[in-house]
Amino acid sequence: MNLSETWAWFTTSPLTPLTLTVGLYWACDKLWRRLGHHALLTPILTASALIGGVLLLTGWDYAAYAEGTSFLTFLLGPATVALGLPLHRQASKVIEGAPMVLGTVLLGAVFSVLSGYWFATWLGATHEMALTMAPKSATTPIAIALVQQLGGIAPVAVLFVMVAGISGAVIGPWILTLARVTDPRARGLALGVASHGIGTARALQEGQTQGAFAGLGMGLTGLVISLSVTGLIPV
Amino acid sequence: MLRGLAVILSCQLVGEVVVHLFGWPIPGAVIGMVLFFGWLTLWRSPDDAPEARAGDLLVKYMPILFVPATVGWVAYGPQVLAQWFPALAGAFGSWVLTLLLAGWAATLLRPRRPRGAGRLGPPDGPARPAGEAA
């Protein structure tokens, strides 16, 4: 038997992290369904926690894990393009709702940047940390590019983007219901504006209308944040 | 299906090229989304078109595609540890208020059917849940 060679292959092949990710996500998804779609068991939250735990326990380097699963991350691009589909199916509603979409996106994007920066500052975060938080409602690739441009800490920006996204997936729909936001278009739009792609994926689980408006909200919010962030906060 | 994938990849490719050419600070995929929407509108693609089938597949499995990035808490969490309170409370507080503001703004600005329709758009059924594997 060729133990050491097999071990070397096992620890470096992308197959290992891919199997871990897909397998654990499947199990988490199953659990979530079994227990009646409980918000705190949202698969993206439980799967990320468990996989992270596995990495910590085994001393597995995150960079190596990310490299191995880059296939999944890569597919985010085509999946974002595919959001044109719910948009197409709901085209008449989207055109009819243009003033709502533009107004909400402008207000939400600007507020998200300002509140992110100032809340962090008032609570005692460093200027660098506050800058890093400003674009958190933009999708990951936008936020990273902007934070680099602003002089923040790019990898930490991903963390804030995840706080905004996962909060949206876990308690976003519940908060909107509490706040009596019942219109499917408004719910989708709010999730897309505040919680980008992860919020959009959650909105799609509520319905095609929610998904279409979320996808549009996400795309436009990213655009507005990238164009306005340097003017909104002291760099 | 293959044609659908080819169209989707082409839309992203064109989007990426445009973004790089003009140095725009947004991902090419977002431009690709607009292009794909334009393509579907142009060809009036029905729900069983290859584009729709490929698109549905990608959209359905979107949540799992975020997992490698979210696992990043393992690597980047420690960098926030020293200021964890302002970082987490600031990010979460700002997120909650943004969501509420956007939800209320959208509700106020939503188009209302003047007459005839007694309700605002047909309520969507619970669309296919993402990540259905079994």
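**View 1. Salt bridges across the interface of chain A and chain B.** In this predicted model, the rule picks out three salt bridges between chain A and chain B. One to look at is Asp183(A) with Arg110(B), where the closest N and O atoms sit 3.6 Å apart. Asp183(A) comes from the loop between H12 and H13 of chain A and Arg110(B) from the segment after H7 of chain B, so this pair joins two chains. Over all chains, the count of salt bridges comes to eight.

**View 2. Zooming in on the network around Asp183(A).** Asp183(A) has another partner in Arg185(A), and their side chains meet in a salt bridge at 2.9 Å, N to O. Put together, Glu96(A), Asp183(A), Arg185(A) and Arg110(B) make up a linked network of salt bridges.

**View 3. The interface of chain A and chain B as a whole.** On the chain A side, 103 residues are in contact with 81 residues of chain B. About 8100 Å² is buried between the two chains, and carbon and sulfur atoms give 76% of that. Which three residues supply more of the area that chain A buries against chain B than any other three? They are Tyr62(A), Val81(A) and His88(A), with 8%. As for polar contacts, the count between the chains is 15 residue pairs. Helix H13 of chain A, residues 184-206, gives the most to the side of chain A that touches chain B, with 14 residues. Sorted by class, that side has 58 nonpolar, 35 polar and 10 charged residues.

**View 4. The largest nonpolar core, with residues from chain A and chain B.** This core has 56 residues, and those with the most contacts inside it are Phe160(A), Ile225(A), Val229(A), Ile233(A), Trp95(B) and Leu99(B). Several helices of chain A supply at least two residues each, including H8 (98-122), H11 (154-170) and H14 (208-232), and so does helix H7 (84-109) of chain B. H7(B) gives the most to this core, with eight residues. There is also a second, separate core of 44 residues, with Leu76(A), Ala169(A), Ile198(A) and Ile64(B) among them.

View 5. What does Val229(A) touch once its neighbours within four places in sequence are set aside? The contacts are Val113(A), Ala134(A), Leu146(A) and Leu150(A). Ser228(A) belongs to helix H14 of chain A. At 18% relative accessibility, Ser228(A) counts as buried because that value is under 20%. Its side chain reaches the backbone oxygen of Val224(A) at 2.8 Å.

**View 6. A salt bridge within chain B.** Here Arg3(B) pairs up with Glu51(B), and the closest N and O atoms are 3.2 Å apart. Arg3(B) lies in helix H1 (residues 2-22) and Glu51(B) in helix H3 (residues 50-60), so the pair ties together parts of chain B that are 48 residues apart in sequence. Glu51(B) counts as buried, with 2% relative accessibility.

Technical notes
Residues are numbered from 1 along each chain as its sequence is written. Chains are lettered from A and ligands numbered from 1 in the order in which they are written. This is a predicted model: local features need pLDDT of at least 70, side-chain atom pairs count only at pLDDT 80 or more; totals for chains, interfaces and linings use all residues. Side-chain values use heavy atoms; hydrogens and water are left out. Contact means heavy atoms within 4.5 Å. Buried area is the accessible area (1.4 Å probe) that two parts lose on being put together, summed over both. A salt bridge is a side-chain nitrogen of Lys or Arg within 4 Å of a carboxyl oxygen of Asp or Glu. A polar contact is a pair of N or O atoms within 3.5 Å; within protein, one must be able to donate a hydrogen and the other to accept it, and residues adjacent in sequence count only if both atoms are side-chain atoms. Helices (H or I, at least four residues) and strands (E, at least two) are DSSP runs, numbered from the N terminus. Ala, Val, Leu, Ile, Met, Phe, Trp, Tyr, Cys and Pro count as nonpolar, Asp, Glu, Lys and Arg as charged, and the others, Gly among them, as polar. A nonpolar core is a set of buried Ala, Val, Leu, Ile, Met, Phe, Trp, Tyr and Cys residues joined through side-chain atoms within 4.5 Å. Buried means under 20% relative accessible area, exposed over 50%, partly exposed in between (1.4 Å probe, protein chains only).
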